[in-house]
Amino acid sequence: MRAGERSKPHPIMSTPKSWTVLVYIAGDNNLDGAGVADLLEMKKVGSTDAVNIVAQFDRAADDVATRRFHLRKGTTLDADAVASLGETNMGDPKVLESFLTWGVTKYPAEHYLVVLWNHGAGWDDTDVYRVARTVVKRPIERSSRKPNAIPVDQARAVQRRFHRALFQSTVAAGLHSRGIAFDDNARDFLDNIELKRVLASVKKKLKRKIDIVGMDACLMSMAEVIYQLREVADFTIGSTEVEPNEGWPYDKILAALVKKPAQTPAQLSAAVVKAYLASYGKNDDVTQSAFDTSELAPVTASIDALAKVLKAALVKSDQRTAIVNARAQVQTFSREDRDYIDLIDFLDLIDAGISAPAIRKATAAVRTAVNGNFLVATGRRGPNVAHANGLSIYFPTRPFSASQLLTPLYATLDFTKDTVWDEFLTAYLTATRRR
């Protein structure tokens, strides 16, 4: 179906089912083929009397329309198309909000699983900015309509570092929304602040939180990301590590759901983690975790308290050395930048290097809060994630720039506003910076 075509009207489902699964497939990038494969996996199961499976898919070709699907078993993909939208910018928050509003209106259910499918960069794209600065130094295309624009092919070079991410188009193109002028043909992306606003709008329509927000994307099981979604989702699912192109095994996940549609959001969240891990080999280096956001308050409070004692410890040379050593050895994620660390592994390394009662008390409190009811399920496979425990946090070891220790984007997050973790990071970077 090409841009401009319209499918036959699809009847509104008036009787709520147990679950509606809404998958937002932003495939207008190097993941186009993976998007097709995942749609076909969904069709292996298909919607049932108790479960709706719907998706929106934007393909890489400019002349192929974005389509919405009500996926069924035993039909063709074209037969499952219920709407054709023309070309869309899936990085536009309004496009995501439109899809979710359409989905919960036409396919009402007792529970909703929203899956955000594409590239991801954790709490935000600070590491992309670092790479993009090298792109900015390349020759500017003189014919560009904007005086400081960067050719699209150069911008897309930045994206090749990533496998999967939350962002719709080229990662570098997203810099346009941060005040750097790119070519007009470069796309957009969703950041965590925009995502929260979209889901808050959907929550207002539903008059309750979305049951599960799943991120079939890279690096998204972070304290910062989950805290950003605490008021709009009951549960979150995501990976601390970069995801392979295959992503979630939708056929296995959905088969388990339609077999037992009465399962709770907590049960489905745990089932997704289990199915994801089972779909990969022992050397694939994959992680997946699910969290209950209603249990997030003690986690955040304990991290805040930990940041305070670690900041104070930096003035003592032996404790500062122990913190530096812990950071040097800790489990990290994303081979390119390693700014995201496993929180629990960091605590274990701190305890091994510092015996001060105040620090031991603070690390124990964080460990108890995370491993309690907050962590619904977690797992890992592969030698390079042997010390992954389910939750990551931002911990850079290099200043953002010559004049700024931390990227100003970090200060825009709810987590940064409500904890002093950023103050600890600033103190650490100051204490370890070469004079």
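Me: Which residue's side chain does the side chain of S294 make a polar contact with?

Reply: Quick background: this is a predicted model, where local features need pLDDT of at least 70, side-chain atom pairs count only at pLDDT 80 or more, and totals for chains, interfaces and linings use all residues. Residues are numbered from 1 along each chain as its sequence is written, and side-chain values use heavy atoms, with hydrogens and water left out. A polar contact here is a pair of N or O atoms within 3.5 Å, one able to donate a hydrogen and the other to accept it, and residues adjacent in sequence count only if both atoms are side-chain atoms. At 2.6 Å, the partner of S294 is D292.

Me: Is S294 buried or exposed?

Reply: S294 sits in the loop between β8 (286-292) and α10. Buried means under 20% relative accessible area, exposed over 50%, and partly exposed in between (1.4 Å probe, protein chains only). With 52% relative accessibility, S294 therefore counts as exposed.

Me: How far apart in space are S294 and R230?

Reply: Along the sequence, 64 residues separate S294 and R230. In space, C-alpha to C-alpha, S294 and R230 are apart by 7.3 Å.

Terms used:
Helix = DSSP H or I, 4+ residues; strand = E, 2+ residues; numbered from the N terminus.
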